[in-house]
Amino acid sequence: MRNATLRQLQIFEAVARHSSFTRAAESLHLTQPSVSIQVRSLAEAVGRPLFEQAGRRVQLTDVGRLLYDTCTEFSALWSRFEAAVDEVGALRRGRLRISVVTTAKYFLPKALGQFCRLHPGIEVELDVQNRDGILGRLRDNLDDFHVMSAPPADWAIESEPLLENPLVLIAPGDFAPPRGRYSLSDLAGERFLMRETGSGTRLAVDEYLARHRVRLANRMTLGSNEAIKQAVAGGMGLAVLSRHALTDADLREVRILPAKDFPLGGVWHIVHWREKHLSAAAQAFRDFLRTHAALPNEARPAAKRRPVRRR
Ligand code: PGA
């Protein structure tokens, strides 16, 4: 059967339905000899005759009837497939897999919720990890797209700026900063709570420190924005965090320090492989993010920028 083609099955089905090679040829706009040739090739592929002549009419053999029933089932199956494709196109069904960096979890799930309310038939998987985790998922092509701040510049990816992700310097609510204009180096004697290696926030802070030759002597690593926020609120030290990680309630316990160069300007990007074929659901969600997503605290749509050269 491996040599049978869909076209042959279609021709066979027409002959069986009309009980006539001539009428099948007419209905398919083919010549009668080409219909006969195709049916003969199909019979050879099956290894048994499919029709027998009964006077002027052609009739199915037993094997021919089995094949006809199979064609009927196949045609019903194919119609269901076509209907499913239509539903996917109309976003009545489908799957959306997104992964985002931890800073984006303060706005993206909400946008996803709004999108799901519009398209309840779409199944959603959302994964939240730090930048290294997201790069790993991108490398393994596990998601439709990703949202992250510093897309690697030398990968074959498409990255579209989405929203600004400012990184602010925070301190306990009762912290007294130096008088006048001050910079991070003036605070270098304080204890700093840093995100873990592999975090994009950490990378941005390390790059800033290296660029300005600031050495922080007293550093401590905490593995999440939430832990850092709580520790700063508890008076443990200072930190640099995404502005979006701070709610109004947080800002009653921690304060944002207006140090020179701060906030550091980050930008969330929508990222996927350049060659990736985005599903209908993924395209719709990307468009939704561009236009409808409720913007988090002080977030502004990001302007187009050149990507930063990072691994
Ligand atoms: P992350 O997020 O610190 O959770 O890795 C960084 C980013 O905004 O890309």
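Modeller: A word first on domain bounds: they come from an automatic or database domain assignment. Also, this is a predicted model.

Colleague: Fine. Which domains does the assignment give for the chain?

Modeller: Domain 1 is 6-82, and domain 3 is 167-257. Domain 2 comes in two stretches, 94-163 and 267-305.

Colleague: How many Å separate the centres of domain 1 and domain 2?

Modeller: 49 Å, with the centres taken over C-alpha atoms.

Colleague: On to the ligand. Where does it lie relative to the domains?

Modeller: Between domain 2 and domain 3, because both give residues to the shell around the ligand.

Colleague: Which residues come nearest to the ligand?

Modeller: Thr102, Thr103, Ser149, Gly200 and Thr201, out of 13 residues around it.

Colleague: And the shell by class? How many are nonpolar, polar and charged?

Modeller: 8 residues of the shell are polar, 3 are nonpolar and 2 are charged.

Colleague: What is the distance from a ligand oxygen to a polar backbone atom of Gly200?

Modeller: It is 2.6 Å. Arg131 also has a polar backbone atom by a ligand oxygen, at 2.7 Å. With Ser199 the side chain takes part: one of its N or O atoms is 2.8 Å from a ligand oxygen.

Colleague: What percentage of the ligand's accessible area does the protein cover?

Modeller: 99% of the 280 Å² that the ligand has on its own.

Colleague: Change of topic. How many cavities of 30 Å³ or more does a search of the whole structure find?

Modeller: The search finds 2.

Colleague: Which elements each supply at least two residues of the lining of the largest cavity?

Modeller: Strand 8 (191-194), helix 7 (200-211) and strand 10 (238-242). The lining includes Phe192, Met194, Thr201, Val205 and Leu238. By class it has 7 nonpolar, 1 polar and 2 charged residues.

Colleague: What lines the second largest cavity?

Modeller: Lys229, Gln230, Ala233, Asp250, Glu253 and Val254. Helix 8 (residues 225-233) gives the largest share, 3 residues. The classes are 3 charged, 2 nonpolar and 1 polar.

Colleague: Now the backbone. Which peptide bond is cis, with omega near 0°?

Modeller: The bond from Phe262 to Pro263. Pro263 sits in the loop between strand 11 (254-257) and strand 12 (267-273).

Colleague: And phi? Which residue has a positive phi of about 55° although it is not a glycine?

Modeller: His29. This residue is in the loop between helix 2 (21-28) and helix 3 (32-46).

Colleague: Why single out such cases?

Modeller: Because most residues other than glycine have a negative phi, and most peptide bonds are trans.

How values were computed: Residues are numbered from 1 along each chain as its sequence is written. This is a predicted model: local features need pLDDT of at least 70, side-chain atom pairs count only at pLDDT 80 or more; totals for chains, interfaces and linings use all residues. Side-chain values use heavy atoms; hydrogens and water are left out. A residue is near a molecule or strand if one of its heavy atoms lies within 4 Å of it. A polar contact is a pair of N or O atoms within 3.5 Å; within protein, one must be able to donate a hydrogen and the other to accept it, and residues adjacent in sequence count only if both atoms are side-chain atoms. Accessible areas come from the Shrake-Rupley method with a 1.4 Å probe; for residues, only the protein chains shown count as cover. Ala, Val, Leu, Ile, Met, Phe, Trp, Tyr, Cys and Pro count as nonpolar, Asp, Glu, Lys and Arg as charged, and the others, Gly among them, as polar. On a 1 Å grid over the protein atoms alone, a cavity is a set of points where a 1.4 Å probe fits but cannot get out, and a pocket is an open set with protein on both sides within 12 Å along at least five of seven lines; lining residues have an atom within 4 Å of a point. Grid points are joined across faces, edges and corners, and a volume is the space filled by probe spheres set on the points. Helices (H or I, at least four residues) and strands (E, at least two) are DSSP runs, numbered from the N terminus.
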